[in-house]
Amino acid sequence: EDNIRWFHAAHGPSATSPSGAAKALTQAFHLTLLAVQGMDVMVEDIAAVAATHDVPHSEGNGYWSLIRVVHCCLEKLLQKSRSITEERTSVFFPARARHLTEALSEYHEILGLLKEMLAIALF
């Protein structure tokens, strides 16, 4: 949310010349945030189901694997967001903005697919 506010405020409608990169980053962050919303409840529900399907002497089941993939993806997304927060005032940031926007868009797509998989697992 901090990056959404920063890019919107620094380069949004009130700015004298909003950049296309700032608009794209604002949109990418917004879409990614929407994709993440509600996943915590879904993961908690999956964890409750996963516990009933544990098999003794087994390292896990498909439910736990799905939770682990979601966790890893969210960790990477958090790292990317923190990196953007640290780099956004750098003189070199505009050169990387397109690449970062594409990366956020990819996370949005992956999170959407994971959310669908969570929904199917709960069905």
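Does T26 count as buried or exposed, and what is its relative accessibility? In this predicted model, T26 counts as buried because its relative accessibility is 15%, which falls under the 20% cut-off for that class. The legends below begin with the whole chain and then turn to close-up views.

**View 1. The overall fold of the predicted chain is built from 5 helices and 0 strands.** Read from the N terminus on, the elements follow one another as α-α-α-α-α. The chain has 123 residues, of which 28% count as buried. Among the contacts between residues at least 6 apart in sequence, 72% join residues that are at least 24 apart.

**View 2. T26 is a buried residue of helix α2.** A polar atom of the T26 side chain lies 2.8 Å from the backbone oxygen of A22. When the neighbours within four places in sequence are left aside, T26 is in contact with I4, F7 and H8. Helix α1 covers residues 2-11, while helix α2, where T26 is found, covers residues 20-36.

**View 3. The largest pocket has a volume of about 330 Å³.** Of the 14 residues that line this pocket, those closest to its centre are E1, L33, L77, L78 and S81. Three helices, α1 (2-11), α2 (20-36) and α4 (62-87), each supply at least two residues of the lining, and α4 gives the most, with 5 residues. By residue class, the lining of the largest pocket divides into 8 nonpolar, 4 polar and 2 charged residues.

**View 4. R96 and E87 form a salt bridge, one of 2 that a search of the whole structure finds.** The closest N and O atoms of R96 and E87 are 3.1 Å apart. R96 lies in helix α5, whereas helix α4 is the element that covers residues 62-87. R96 counts as partly exposed because its relative accessibility is 33%, and E87 also counts as partly exposed, with a relative accessibility of 24%; both values fall between the 20% and 50% cut-offs. For orientation in this view, the C-alpha atoms of R96 and I84 are separated by 9.7 Å, although these two residues are 12 residues apart along the chain. As a general point, side chains of opposite charge can pair when their charged atoms come close.

**View 5. E102 and R98 form a salt bridge within helix α5.** The closest N and O atoms of E102 and R98 are 3.4 Å apart. Both residues lie in helix α5 (residues 93-122), where they are 4 residues apart, or about one turn of the helix. The two partners fall into separate accessibility classes: E102 counts as partly exposed because its relative accessibility is 38%, whereas R98, with a relative accessibility of 65%, counts as exposed, since that value is over the 50% cut-off.

Conventions: Residues numbered from 1 in each chain as written. Predicted model: local features only at pLDDT ≥ 70, side-chain atom pairs only at ≥ 80, totals over all residues. Heavy atoms only, no water. 1 Å grid on protein atoms, 1.4 Å probe; cavity = no way out; pocket = protein on both sides within 12 Å on 5 of 7 lines; lining within 4 Å. Points joined across faces, edges and corners; volume = space filled by probe spheres on them. Nonpolar A, V, L, I, M, F, W, Y, C, P; charged D, E, K, R; others polar. Buried < 20%, exposed > 50% of the residue type's maximum accessible area, 1.4 Å probe, protein only. Polar contact = N/O pair within 3.5 Å; in protein donor to acceptor, adjacent residues only side chain to side chain. Contact = heavy atoms within 4.5 Å. Salt bridge = Lys/Arg side-chain N within 4 Å of Asp/Glu carboxyl O.
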